[in-house]
Amino acid sequence: MVRLLSDWLTLTPKYEWVAYVAVGLFQAAILLALVMTAVAVATWAERKIAGRIQDRLGPTRVGGRFGWLQPVADGLKLLTKEDLIPASADSILFRLAPYLSFAPVFAVFLALPFSEGWVAHRLNTAAFFILAVLGLEVFGIILGGYASGSKWALLGAMREAAQVVSYEVPLAFSAMLPVVLAGTLDLVAIGEAQKGWFWNWFVFHDPFTFIAFWIYVTCAVAGTNRAPFDLAEAESELVAGFHTEYSGFRWSVFYMGEYAAMAAVSGLGVVLFLGGWNGPIPLADWLGLTPEAGAIAGFVGQLVGSINFVLKCIIGVVFMISLRWTLPRPRIDQVMSMCWKYCFPLVTIAFLGATLWTLFLPDGLLNWGHPKAATREASVVACFAEGQAP
Amino acid sequence: MAEEELQKTLMNSIPSINPEDISVGSESEVRTEELLINMGPQHPSTHGVLRVVLRTDGELVLEATPHIGYLHRCAEKIGEHVTPRQWIPYTDRMDYLAGMNMNLGWALTVEKLLGLQVSEKARHLRVLIVELGRIASHLVAAGTYGLDLGSFTPFVYCFREREKILNLFEAVCGARLTYSYITIGGLMADLPPGWLDQCEAFLDEFEPVVDDLHALLSVNHIFVKRTAGVGVLSPELAIAYGCTGPVLRGSGVDWDLRRDGDPFYTKMYQDYQFEVAVVRDGRYPQPSPAVPLEAVRGDCWHRFFVRMVEVVQSMRLVRQAIEKYRRADGDIGQPIKLNQKLPAGEVYLETECPKGQMGFMIVSLGDAIPWRVRARSSSFCNLSVLPELCRGCLVADVPAIVGSLDIVLGEVDR
Amino acid sequence: MMGFDAMAIFFWLFAVVACAGALIVVVSRNIVRAAVGLIVSLFGVALLFFLAGAEFLGAMQLMIYVGGTVVLLAFGVMLTARTLFLRMSTTADQWLVAILLALPLTVILIQAALSYSPFHGGQPSIERTAEKSSATSVRPITITELGMALLGFRENGQNSEAVTLFRGNQGYLLPFELISVHLLVVLIGAAYLARRGVPKTMASSDAASVSDLGPGSTD
């Protein structure tokens, strides 16, 4: 794309950076629009689903019968609110914190593949990059709590940060499991390894990965501070949370960050465990919609794949929303003990089990398996025997 | 001068902890300070204008002191200036979530003083209304308890069902909260036509909702973890503090005024079959889910579960009352004259209200206006046990404990 | 040097970010602002890693330094801060000592950077390799290579593309495992040293639940 642009503008190699920047900004704008739309739809869905679970309707007035434009109304309301900064707050850090919380989540989408060819930047350490970047969200929380200048906000922020940081460990561990199964950190390759029917998906690969998937779900919900793990934001508890002092647009950035994080961990889970852009039935292959068949067919194939991906993400987000409105909240010490006493040992056992499974049953239980894994491991073993390159 | 002394007594009223009792290691280690946290009077989980001052050490509560009186409206003093019939609306506003039960308590007290006997039809209608009121009150208790612990949905379900009960009450007396329906001598008006069928329809719709609430709350693993073993109240302590109602029965004491109380009150429940909601040999009256293993007798879970069992028993009573009311003949009685002269004497009668035992006392010197009226509040005594329960618990447990006591500040402060 | 190619532009941008962050750390009087400056600086370094194509290293930098170290720093600062720390000012003699220590280091680093031949217009070694083995294209270092190097498969020099197995102790796996165990020992030791005394007034039934409190929930 950079080359296209620079040829069109007939830029000399000296000024190629202009093309780089332009293309980068363009891709970032697309992604930002995508994330914002996802967030807006997620807030609408939250209110509708909450209403339906609670035997009521949810928003029905703004934008017709279904309240489609409710997020727009909410956004406008938040934009026009008075910009309050507490007197005891550290004003520079106070202003910085919401963006520090949102930016890492947005960066996740840079490496998340929507389809085989549709990924903003194909990193060969994509899974690791996403996990690293998700961990940066914590600092926005801590800073938000500290900069508010109130001891309750700080207390809430510390609790939330402790929770997020603790749950990152089993999250990363369970995310490493598909990496082991696929043999690569590249999310595109992990998605490709799950091509075919739905039983090729990693979640069905072996019972240990199945367990790891549910641990991933738990840790993802806990890591994004969603109910039932939203103790630090709970209104009925004593401490009101790190975003107490935030109102208006700044609060909406935190809010957007939370929903974007939900979508991001959902997306990561879908790619790692649920087959990514591969549908339950390999329709695209049957219809011949592969890039080899031509540009249009390739494009349609990618489109179908990304629709699959988005649908699965939506299921994940809807699941998280339903979880919030169904379950009560555990106490903070129960949350921490659940992480360290249950999630973490379970995920280590699952990890051990799955790696042993791939060692002894490289082709899967009924030989549907993953030939790449088999040949790769065989080749590594052979290398050690012969002293040659793999 | 008097103000300073008042300030001093107020400050001294907060008990302090001997610092030597706490060992937090040497000075160089990380120490947390003792914090004085103020919960309320405006707070989402204190169920009214209650102020609880917590002295905490980090996450641990060392001392919890409730401060009440924000809703005191001098009801008892007013009772010395109005006739008993005029005082009925004041009873409504005590436990405003169960106004019918309050009305009944006061009406029975004055009827006992007057030696008045209401007709059978009125008796059955009273049982019907009062047990519906019990269901309505327990629905609020269950819903708001779930809300305190973060469970939003049962709150909406409970209030949806409560709405149906309030519609029934509105059809009966025109009011949804402050009824003044049960009066001295009977009730204010008879049931409108079709009301009994609507009531039976409500009961049929409500039965599966109880199972939903059990699934969402009583046996929900997270709910059990938040409430089991928390705020354990021993029976001896409960009796010593005068706790009554579900708080007492949650600690395993088999005591229900509808069965064990004043004969003037228990004969209202003559020929009615119901079981007292208390755990016997580890089981509650069936049908109800099994008691989870972590639940200790006298903890928050048991207090909550007693209310759920009472709801089922109240439904039984309502169905029986509907049958008996249909078969009874006569009228529902007439209220006494507005300025009826009261015989000299003193009567104290306690009734089993949803929150506990509500007692009314009337002392009359022979005039139409009593010389002294007194309301013994169940929530007041239940709340008094809060410092004992909160000592040594975590800060996040305080809303769980306060919610399990199910207090209403209108009743606490009167 | 002041080329207009994209690489240089971004390099200068990220380098300025990293240096600005470091400057904030040094100059700021508020310790939390210094911590934020540290984040910015380390983030700038991570960006430089990404620019150089070392994606794994960049992600590592983000995860370990920015994600881990600074969060730890923030926790420590906020949990133990007295008002003394919120407003720090460096006295003149501290400035003197700092400059005396930093100046030689700066001189050495600049000297080392300037003496690298590509800096003077020579070609980077990777291009020299491409010239020599003209039939091959330059392979970017991916994580596969790093993983294999951990196990002992490594390019035995920059001039050949043959990958040989270095037997014995040429792999990095053993040092990696040793460091992991070492870190575990350090973690356990620190947790043990930092434990609090348990208050006597606590009810025995709550003893188990309170000892479950994580580090972040004690104020």
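This is a predicted model: local features need pLDDT of at least 70, side-chain atom pairs count only at pLDDT 80 or more; totals for chains, interfaces and linings use all residues.
A surface patch, in the sense used here, is made of residues with over 30% relative accessible area and no salt bridge, nonpolar side chains being joined within 5 Å.

**Stop 1: the nonpolar patch of chain A**

Select A:Trp118, A:Ile296, A:Phe299, A:Val300, A:Leu303, A:Val304, A:Ile307, A:Val310, A:Leu311, A:Ile314 and A:Val318. Together these residues form a nonpolar patch on the surface, with about 910 Å² of accessible area. Centre the view on A:Val300, which belongs to helix H12, residues 295-324 of chain A. A:Val300 has a relative accessibility of 31% and counts as partly exposed; because patch members need over 30%, A:Val300 qualifies.

**Stop 2: chain A as a whole**

Next, display chain A as a cartoon. Its secondary structure consists of 14 helices and zero strands. Chain A has 390 residues, of which 53% are buried. Among its contacts with a separation of 6 or more, 76% are between residues 24 or more positions apart. The accessible surface of the chain comes to about 17,000 Å², and carbon and sulfur atoms account for 71% of that area.

**Stop 3: A:Glu46, a buried acidic residue**

Select A:Glu46, located in helix H2 (residues 16-53) of chain A. Is this glutamate buried or exposed? A:Glu46 is buried, because its relative accessible area is 3%, and the cut-off for buried is under 20%. Now show its surroundings. Leaving aside residues up to four places away in sequence, A:Glu46 touches A:Arg226, A:Tyr259, A:Ile321, A:Arg324 and A:Trp325. With A:Tyr259 there is also a polar contact of 2.3 Å between the side chains.

**Stop 4: two salt bridges between loops of chain A**

Side chains of opposite charge can pair when their charged atoms come close. Select A:Glu116 and A:Lys195, whose side chains meet in a salt bridge with an N to O distance of 3.6 Å. This pair links distant parts of the chain, 79 residues apart: A:Glu116 sits in the loop between helix H4 (91-111) and helix H5 (126-134), and A:Lys195 in the loop between helix H8 (187-192) and helix H9 (207-223). A:Glu116 is partly exposed, at 24% relative accessible area, and A:Lys195 is partly exposed as well, at 38%.

Then select A:Arg122 and A:Asp186, which form a salt bridge of 2.9 Å, N to O. A:Arg122 lies in the loop between H4 and H5 of chain A, and A:Asp186 in the loop between helix H7 (151-182) and H8, so the pair ties together parts that are 64 residues apart in sequence. A:Arg122 is partly exposed, with a relative accessible area of 46%, whereas A:Asp186 is buried, at 8%.

**Stop 5: the cysteines**

How many disulfides does the structure hold? Over all chains there are zero. A:Cys343 is buried, with a relative accessible area of 6%. In chain C, by contrast, C:Cys19 counts as exposed, at 53% relative accessibility.

**Stop 6: chain B**

Most residues other than glycine have a negative phi. B:Cys74 is in the loop between strand E3 (60-67) and helix H2 (75-79) of chain B, and is partly exposed, at 38% relative accessible area. Continue to B:Ser180, also not a glycine, with a positive phi of about 50 degrees. B:Ser180 occupies the loop between helix H6 (152-173) and strand E4 (182-183) and counts as partly exposed, at 23% relative accessibility.

Still in chain B, select B:Glu131, B:Arg134, B:Arg249, B:Asp256, B:Arg258, B:Glu310 and B:Glu352, which are linked in a network of salt bridges. Another salt bridge joins B:Glu388 to B:Arg391, with the closest N and O atoms 3.9 Å apart. Over all chains, the count is 39 salt bridges.

**Stop 7: C:Asp93**

Finish at C:Asp93, in helix H5 (residues 92-114) of chain C. Its side chain makes a polar contact of 2.6 Å with the side chain of C:Thr91.

Notes. Residues are numbered from 1 along each chain as its sequence is written. Chains are lettered from A and ligands numbered from 1 in the order in which they are written. Side-chain values use heavy atoms; hydrogens and water are left out. Helices (H or I, at least four residues) and strands (E, at least two) are DSSP runs, numbered from the N terminus. A polar contact is a pair of N or O atoms within 3.5 Å; within protein, one must be able to donate a hydrogen and the other to accept it, and residues adjacent in sequence count only if both atoms are side-chain atoms. Buried means under 20% relative accessible area, exposed over 50%, partly exposed in between (1.4 Å probe, protein chains only). Contact means heavy atoms within 4.5 Å. A disulfide is a pair of cysteine sulfur atoms within 2.5 Å. Patches are made of residues with over 30% relative accessible area and no salt bridge: like charges are joined within 9 Å, nonpolar side chains (Val, Leu, Ile, Met, Phe, Trp, Tyr) within 5 Å. Accessible areas come from the Shrake-Rupley method with a 1.4 Å probe; for residues, only the protein chains shown count as cover. A salt bridge is a side-chain nitrogen of Lys or Arg within 4 Å of a carboxyl oxygen of Asp or Glu.
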